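Please look at the sequence and the coordinates before reading on.

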Amino acid sequence: MATKPPKGDPVQDAPQVAEPKHAAAGLPAIGHTLRIAQQQMGVKRTALTLLRVNQKDGFDCPGCAWPEPDHRHKAEFCENGAKAVAEEATLRRVTPEFFAAHSVADLATRSGYWLGQQGRLTHPMHLPEGGDHYEPVSWERAFDIIAEEISALGSPDESVFYTSGRTSNEAAFLYQLFARELGTNNLPDCSNMCHESSGSALSETIGIGKGSVLLEDLYKADLIVVAGQNPGTNHPRMLSALEKAKANGARIISINPLPEAGLERFKNPQTPQGMLKGAALTDLFLQIRIGGDQALFRLLNKLILDTRGAVDEEFVREHTHGYEEFAEAARAADWDETLKATGLSRTEIEQALGMVLASERTIVCWAMGLTQHKHAVPTIREVVNFLLLRGNIGRPGAGVCPVRGHSNVQGDRTMGIFERPAPAFLDALEKEFGFAPPREHGFDVVRAIRALRDGEAKVFFAMGGNFVSASPDTDVTEAAMRRARLTVHVSTKLNRSHVVTGARALILPTLGRTERDLQVGPNGKSTEQFVTVEDSMGMVHASRGRLAPASPQLLSEPAIVCRLARRVLGADSKVPWEEFEKDYATIRDRIARVIPGFEDFNARVARPGGFTLPHAPRDERRFPTATGKANFTAAPVEYPELPEGRLLLQTLRSHDQYNTTIYGLDDRYRGITNGRRVVLVNPEDARALGITDGSYVDLVGEWKDGVERRAPGFRVVHYPTTRGCAAAYYPETNVLVPLDATADTSNTPASKSVVVRLESAPEGRPETRPEARLEQSATD
């Protein structure tokens, strides 16, 4: 029997605030996990489902992409992973009757939290042109509608095919294959909004846009630097890896504008000692000013150069290029400028240097705190310089570790989900499938929004995700989506993107990771299928759901792509779509022939735990760059300038969310419960601005275009952030991030360095101001 969804849409701007925590996980995490899981799934389903998460014969968690150890605990999941599983395996259902009772206009006033809490989608739904309610539609008619709109386009490049990170390798490969046989490279994905800066910097410097470490390397490291990352909320299983590294003698430097409970102390819920006492993780906390990381690493590089014997001269001579130009730039680093850019003291930087020089094996981990700035790519290049100087790439226990977010976001890119594909990849597709893929680069996320806004794109198709809430400049994005002729979303649950539609809209419900996937084979019998994923460290493994599907109307993502392709491309297609739908092993056979590293794919993925993809810098100290070596780089030091009376805002997640999915209204590690519209401000900054704790303000974004962007009604929370810096949750603050405020080279939205001023809200909380309440709903 289905559980009941919450009745009302709770107010999110009146939280209770307590002191932030100084430890993560432990008994509270267990209690919260079980409470959320049982609310969504019930007791029996909770036990049966959670014990299969991340197991070798189970399913991959639909949350983060952190790798699993070879020897796994029976409860190989974290609190947020359990929440992700519970929301997918929920007993709540969104049926055609739900849509009959709620118009699109009604749903558009609801928060993202409320929408997500309604449950699993059960039927294909269609919003006809001029209609005000979604209506049930057959799968055949849904594909006809898509084919009608695509055939009416002047060019295939007027269509956009977006991908979320949770799509399997098989579905992603088919999806890009369909788009390219159709004739477009418009394949934006969530990487464009998160680690595109990492890929850009690493491709240039070491020749491959992925991290160079495996999980075992963390256990062998002498020093682990965690920069711009909050593992306790975003990748909680990383904390157990850091705990093990500490037990093996590693030291940890944390670099972040906010203190994060998980990096202070981790109370491992899988051991009695961990539950009671926990392990202190951080040895040195550098509370950096937002955007000051490049300046910090540049100065550390200067100090390494100035220390006799600190540079690995043999590695530099044999394996690198561009050292002299880099060294000249690094030696010009200035202490005063660095202290201004970072907000750190000289003593703190000297302490960090001492730990760096004492380490023979160093790993640098990072996430959005480094990638979402205008100067993100030069910052990550500087991190690479830092590691190259002491030979810390291609050595056990050392290397670059960009920690990816969504499960299989890295695998999607490996499978060809990229708007700027390499010629060799297109050559391989052409050889294997006998059609000529387009060679012109397509739209990334930001360019896709511009194309929709300007009428250059008319059909938008999303394979998973919540594009509207994930994208920057909310008002611009929503207006752009509404200009489309057709918007299509392949989804498991309801979200904001379903109510910001083109003239016509489709919702196509799909299987989740937790569910059994049965396909009818050539013999007429149903055969159970599995899919594969790639984790953040290049490990590929199988994922097998076991639950009965939420509805008999659901199709798998591979089946949706195959049926779509057969309907749109017709009999002229050179791809065996029907064969692929019936047997996913045939898809993997083709992947093996197209993508290096996947040779003998089916046999290798059948092994428990899967296999590791090759990584030339890690495996051979071979760097497939234009120079044939690892490239040192030199770029001017940049950091955000802050006008007087303003603050530098970073957007971030609460502990009760994963990307745009809101599981609840608490952020207990930061001491915030029952609300989301808060802005975290240093008490000294608040006093200087005349803003009291608990008062309400509007956040007003300022940018060079002269147009202000406003997010109304945020409760001020005095919080130990770096001076001059503030923080607030997304997607509520995405409205403040201009579409054109992006990272150089990667075009990633610069969501971590938004200049804002705080204006007192004259009438208090948003629900007292109807126009603000509507704006709140529109940006949730």
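Q: Which residues does T651 touch, not counting residues up to four places away in sequence?
A: The model is a predicted one. A contact here requires heavy atoms within 4.5 Å. With residues up to four places away left out, the residues that T651 touches are A728, Y730, T733, S751 and K752.

Q: In which strand is T651 found, and is T651 buried or exposed?
A: Strand β25 covers residues 647-652, and T651 is found there. The relative accessible area of T651 is 2%. The cut-off for a buried residue is under 20%, so T651 is buried.

Q: What is the geometry of the aromatic pair formed by F297 and F386?
A: The structure holds 21 aromatic pairs, and F297 with F386 is one of them. Their ring centres are 5.2 Å apart, and the angle between the planes is 75 degrees. Planes over 60 degrees apart count as edge-to-face, so the pair F297 and F386 is edge-to-face.

Q: How many residues apart are F297 and F386?
A: F297 lies in helix α15 (residues 293-305), while F386 lies in helix α21 (residues 376-389). Both F297 and F386 are buried. The pair links distant parts of the chain, with a separation of 89 residues.

Q: What angle lies between the planes of F598 and F611, and where is F611?
A: F598 and F611 form an edge-to-face aromatic pair with a centre-to-centre distance of 6.0 Å and planes at 85 degrees. F598 sits in the loop between α29 (584-594) and α30 (601-605). Both residues of this pair, F598 and F611, are buried. F611 is in strand β23 (residues 611-612).

Q: Which residues form one aromatic cluster with W114?
A: Rings count as paired if their centres lie within 6.5 Å. The cluster that contains W114 also includes F98, F99 and Y134.

Q: How many helices and strands are there in the protein, and why is it described as compact as a globular protein of its length?
A: The protein has 33 helices and 33 strands. For 780 residues the globule rule gives 28 Å, and the protein is as compact as a globular protein of that length because its radius of gyration is close to this value, at 25 Å.

Q: What share of the contacts with a separation of 6 or more comes from residues 24 or more positions apart?
A: Of the 780 residues in the protein, 65% are buried. Among contacts with a separation of 6 or more, the share from residues 24 or more positions apart is 78%.

Notes
Residues are numbered from 1 along each chain as its sequence is written. This is a predicted model: local features need pLDDT of at least 70, side-chain atom pairs count only at pLDDT 80 or more; totals for chains, interfaces and linings use all residues. Side-chain values use heavy atoms; hydrogens and water are left out. Helices (H or I, at least four residues) and strands (E, at least two) are DSSP runs, numbered from the N terminus. The radius of gyration is taken over C-alpha atoms; the globule rule is 2.2 Å times the number of residues to the power 0.38. Buried means under 20% relative accessible area, exposed over 50%, partly exposed in between (1.4 Å probe, protein chains only). Rings of Phe, Tyr and Trp (its six-membered ring) pair if their centres lie within 6.5 Å; planes under 30 degrees apart count as stacked, over 60 as edge-to-face and the rest as tilted.
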